[in-house]
Amino acid sequence: MSYARLCPFDIKLEAGLRSGRDKQCGANDPMTNFVNRRQFMIEWGHCDPAGIVFNSRFFEFFDWGTWTLFEAALGVKPHELGPTFGIMGIPLVDAGARFLAPARFGDVVELTSRVSEFRRSSFDVEHQLLVHGALAVEGKETRVWAARDAADPSKIKSQPIPPEVTACFAV
């Protein structure tokens with residue numbers, strides 16, 4: 001298995017929002033401060049009849065945020081994550097949100113996503129959605145690095161997250 005495309009050097013870092021990496025990814029870096037930002041416009045299909053985003057749509061936005069975060073950090077397209085790392089995916093096992101202000105049809109919003117903690121085989125992703133620069137929604141996901149169970153391929157089981165992966169989220 002090759003990790004040749006890991007840790008691209010043309011990524012944004014939260015620490016001072018400088019472009020590029022100051023150093024190569026290192027497996028011993030303690031922090032997971034890599035932040036991915038995405039701006040998009042709220043479309044009518046995201047909204048309820050009152051023109052505000054329907055609450056379940058925020059979980060869809062969080063999912064987008066996680067996949068684009070991993071793509072930016074690892075340099076691997078979402079559909080290539082499984083074949084590249086020998087896993088079936090990063091399934092969601094827990095999610096939550098705090099709704100502070102509405103997002104409305106036509107708003108241009110910014111979604112920031114970052115891994116707040118890596119454990120042996122699971123990790124937490126924090127999301128913030130800003131509307132007009134103000135925090136509107138906070139979200140959190142817990143996901144598992146998972147592969148098909150060799151004993152029963154109809155089941156999945158957690159796998160240790162490779163240090164090469166976690167290193168790409170370190171600043």
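This is a predicted model: local features need pLDDT of at least 70, side-chain atom pairs count only at pLDDT 80 or more; totals for chains, interfaces and linings use all residues.

Reader: Which residue has a positive phi although it is not a glycine?

Author: H132, with a phi of about 55 degrees. H132 lies in the loop between β4 and β5 (134–144).

Reader: Why is H132 called exposed?

Author: Its relative accessible area is 66%. The label needs over 50%. So H132 is exposed.

Reader: What makes the span of α1 close to the expected one?

Author: Helix α1 covers residues 55–74, 20 residues in total. From first C-alpha to last, α1 reaches 30 Å. The expected value is 28 Å, at 1.5 Å a residue.

Reader: Which residues of α1 are buried?

Author: F58, F61, F62, G65, T66, L69, F70, A73 and L74.

Reader: Why is N36 called buried?

Author: N36 has a relative accessible area of 14%. The cut-off is under 20%. Therefore N36 counts as buried. The place of N36 is in strand β1 (residues 35–41).

Reader: What makes the pair N36 and T68 a polar contact?

Author: Their side chains are joined at 3.2 Å. The limit is within 3.5 Å for a pair of N or O atoms, one able to donate a hydrogen and the other to accept it. The pair qualifies as a polar contact. Leaving aside neighbours within four places in sequence, N36 is in contact with T68, L69, A72, L111, T112 and S113.

Reader: How do you know that β1 and β3 pair?

Author: Count the bridges: seven, in the antiparallel sense. Pairing takes at least two. So β1 and β3 pair. One example is R38, whose bridge partner in β3 is L111.

Reader: How many bridges join β3 to β4?

Author: Nine, and the two strands run antiparallel. E110 has L130 in β4 as its bridge partner. β3 and β4 form a hairpin, with three residues between them.

Reader: Which residues have the most contacts inside the largest nonpolar core?

Author: F70, L74, F85, V115, F123, W145 and F169, in a core of 19 residues. The elements giving two or more residues to this core are α1, α2 (81–85), β3 (108–118) and β4 (122–131). α1 gives the most, with four residues.

Reader: Which residues does the second, separate core include?

Author: C47, F61, F62 and A136 are among its 14 residues. F61 and F62 are also among the buried residues of α1.

Methods. Residues are numbered from 1 along each chain as its sequence is written. Side-chain values use heavy atoms; hydrogens and water are left out. The expected span of a helix is 1.5 Å times one less than its number of residues. Buried means under 20% relative accessible area, exposed over 50%, partly exposed in between (1.4 Å probe, protein chains only). Contact means heavy atoms within 4.5 Å. A nonpolar core is a set of buried Ala, Val, Leu, Ile, Met, Phe, Trp, Tyr and Cys residues joined through side-chain atoms within 4.5 Å.
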